[in-house]
Amino acid sequence: MSESNSTENFYNWPYRQAFFIFNIVAGFLFVIMHAQMISVIVQTRSLRSMAGYRFMVHISAVDLVNCITQIVAQMCTLNTPYMNPLINEINGAIFQGTWAADYPMTLIIALNRVVAVMLPFKVGVLFGENLTYVYIAACLVFGGLNTAACLSGELACVWIAEIPSFAFTNQFAAASFNFGRGRVCSCPRQEYISRKQKELYE
């Protein structure tokens, strides 16, 4: 089946729009919950003083932005499979960067909980205030590098409504940055963007 036929069939699916609307509404709810989580922790000094909650503030922040990128992608393709290529590329880069910053922080906070249970006297050493901020900064830098890579011109993470999912447009580079998540488009980045621009304005 050709790509155009696949796209047409997907957008003729009677529940497709309801599926996108459900995801958009759920996304807004997650944004609100993440914002509330950040607000509660920031306003409570006793929570801010603990390493685990400092991580949770930053995890919620990057998750909030990640949810927004998914909302934007689905709102832009609610009635059409085509999204402005420039907006798509920037939005996808932010999506990838926030996801890349999120998962190492989640792993570190899990390690923090393990240490707190098994080696409670080592928590202050391994997760002191200064070290905690070093860990957080490293995760954010890693996310920033992923975002920069997706805007470098060699690699792009874009929303493909036909799947629907974010996907990379360079298979070799995706192996380095994707870590088993999502899908990969075999076409080069520029070829994909040029094709989408042509489809968008035809």
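Helices here are DSSP runs of H or I with at least four residues, and strands are DSSP runs of E with at least two, numbered from the N terminus.

## About the model

Welcome! This is a predicted model in which local features need pLDDT of at least 70 and side-chain atom pairs count only at pLDDT 80 or more, while totals for chains, interfaces and linings use all residues. Residues are numbered from 1 along each chain as its sequence is written, and side-chain values use heavy atoms, leaving out hydrogens and water.

The predictor's confidence in each residue, pLDDT, runs from 0 to 100. Its average over the chain is 80, with 79% of the residues at 70 or above. Helix α2 (residues 16–43) has the highest confidence, at a mean of 93, and helix α8 (residues 171–177) the lowest, at 40.

Look for Q74 in helix α4 (residues 51–76). Is Q74 buried or exposed? Buried means under 20% relative accessible area, exposed over 50%, and partly exposed in between (1.4 Å probe, protein chains only). Q74 is buried because its relative accessibility is 6%.

Beyond its neighbours within four places in sequence, Q74 is in contact (heavy atoms within 4.5 Å) with F20, N23, I24 and W159.

## A hairpin of two strands

Strands β1 (residues 157–160) and β2 run antiparallel, joined by 4 bridges; two strands pair if DSSP finds at least two bridges between them. Between β1 and β2, 4 residues complete a hairpin. C157 stands opposite F168 in β2.

In β2 (residues 165–168), S165 and A167 point one way, F166 and F168 point the other, and all are buried.
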